[in-house]
Amino acid sequence: MPILAEMRVILYTGKGGVGKTTVAAATAVKCAEMGLKTLVMSTDAAHSLGDSLDRELAPEPVEVAENLFGQEVNALHEMEGHWDKIHGYLAVLFNSQGVDEIIAEELATPPGMEEISSLMWIRRHSQLQEYDVLIVDCAPTGETLQLLAFPEVARWYLDRIFPLERRVMKIARPVLQPFVKIPLPADEIYQSIKELLVELESMKAILSDSKTCTVRLVLNLEKMVIKESQRAYTYLNLYDYQVDAVLVNRVLPEEVSEGYFAEWHKSQQRYAEHVEAAFSPVPILNSRLFNHEIVGLENLRELADSLFGDIDPSAILYDTKPQSLRREGEEYVLTLQLPFATKDQVELTQRDDELYVSVGPYKREISLPRVLHGQVTTAAHLESGRLAIHFGRA
């Protein structure tokens, strides 16, 4: 049995319908049978983890089998715990401006807040260290990327806007409130915001620790699915999340390579070659399309054996940091792994000791290390999926 010093965290994501939940559940079954105390947790608003395990799950961990526990997070309940006071203030604010009370209640909850609150369970389980392995069945790719990017935005507010706003409001509130028609936020609202942002920053630290946490992409051999997975891989690298495997689900076996499935089989072979070339050297794990539904522990065990074989599913299967810094003569070079990105998608902006990197619709703020303080960007080039940014004296 493998011995883990810290709880291992594995996040599964992929385009909707590729079998992400089933693969996550199968991984959990195999980890548990290896003797690791394993929790598989769904943060997807449309829960199907319990259906996959063929067990009734709850908002708290439920024992499914020896060493195996399952959890379907109640997103609404979690959001109330993290957002309740802020939500109450925003609802009153919108209502004071003539917005219908029911609509004000809806507007007071920003998109994605329920899912973000669900991910807070990762932080909680990491603090408790009650499990050897935590496997997270995340929402489909696009939603997951927005959630994983959220802590970056939160840190910016925590460092820049929050202290200033709170100081100004503490002084101005008693003077302004009698003259304005909107309720001004009380100090406890700012305290709630600060606690939320601190928790998000803590969660980001856990998720970006490549020694314990990695992301795995699940895909099928279809053009649209592969393209979305490539974009997801680029953005995950941008935000410094380690992808340690690509899992290809529902591969047609050789015995159906003729007749009705012949063209589909040929198409999958072509796309399989593309996946191998595109994601290499990240390990590619394949599972065949079964002739029966993958529901229940026995069937999940069969899928896990097809995917992993003799491989330890709890291991870190690929370990290369998406971000590195080195010195070249009088200059420093910051390198970011941005596979599949093109030059026209990438934009760079430096403001003092902060570097802003945009790739398509996603933007990341990078706090430059102390050695780069006072230095400016002198050049940048993108080659073979690596963005090299040169820094020198102004």
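**Chat about a predicted model**

Modeller: Let's start with Trp264, which sits in helix H9, residues 262–279. Helices here are DSSP runs of H or I with at least four residues, strands are E runs of at least two, and both are numbered from the N terminus.

Colleague: What should I know about the model itself?

Modeller: It is a predicted model, where local features need pLDDT of at least 70, side-chain atom pairs count only at pLDDT 80 or more, and totals for chains, interfaces and linings use all residues. Residues are numbered from 1 along each chain as its sequence is written, and side-chain values use heavy atoms, with hydrogens and water left out.

Colleague: Which residues does ring pairing link into a cluster?

Modeller: Tyr233, Phe279 and Phe340. Tyr233 is also one of the buried residues of H8.

Colleague: Tell me about H8, then. How many of its residues are buried?

Modeller: 12 of its 16, so H8 is mostly covered. Among them are Val225, Ile226, Ala232 and Leu236.

Colleague: What about the length of H8?

Modeller: H8 covers residues 223–238 and reaches 23 Å from first C-alpha to last, close to the 22 Å expected at 1.5 Å a residue. The expected span is 1.5 Å times one less than the number of residues. Following H8 comes Asp240, with a positive phi near 70 degrees.

Colleague: Switching topic: where is Gly296?

Modeller: In the loop between strand S8 (284–288) and helix H10 (297–308). Gly296 is buried, at 9% relative accessible area.

Colleague: Which residues does Gly296 touch?

Modeller: Ser52, Leu53 and Asp54, leaving out residues up to four places away in sequence; contact means heavy atoms within 4.5 Å. Gly296 and Leu53 are 243 residues apart in sequence, and their C-alpha atoms are 4.8 Å apart in space.

Conventions:
Buried < 20%, exposed > 50% of the residue type's maximum accessible area, 1.4 Å probe, protein only. Phe/Tyr/Trp six-rings, centres within 6.5 Å; stacked < 30°, edge-to-face > 60°.
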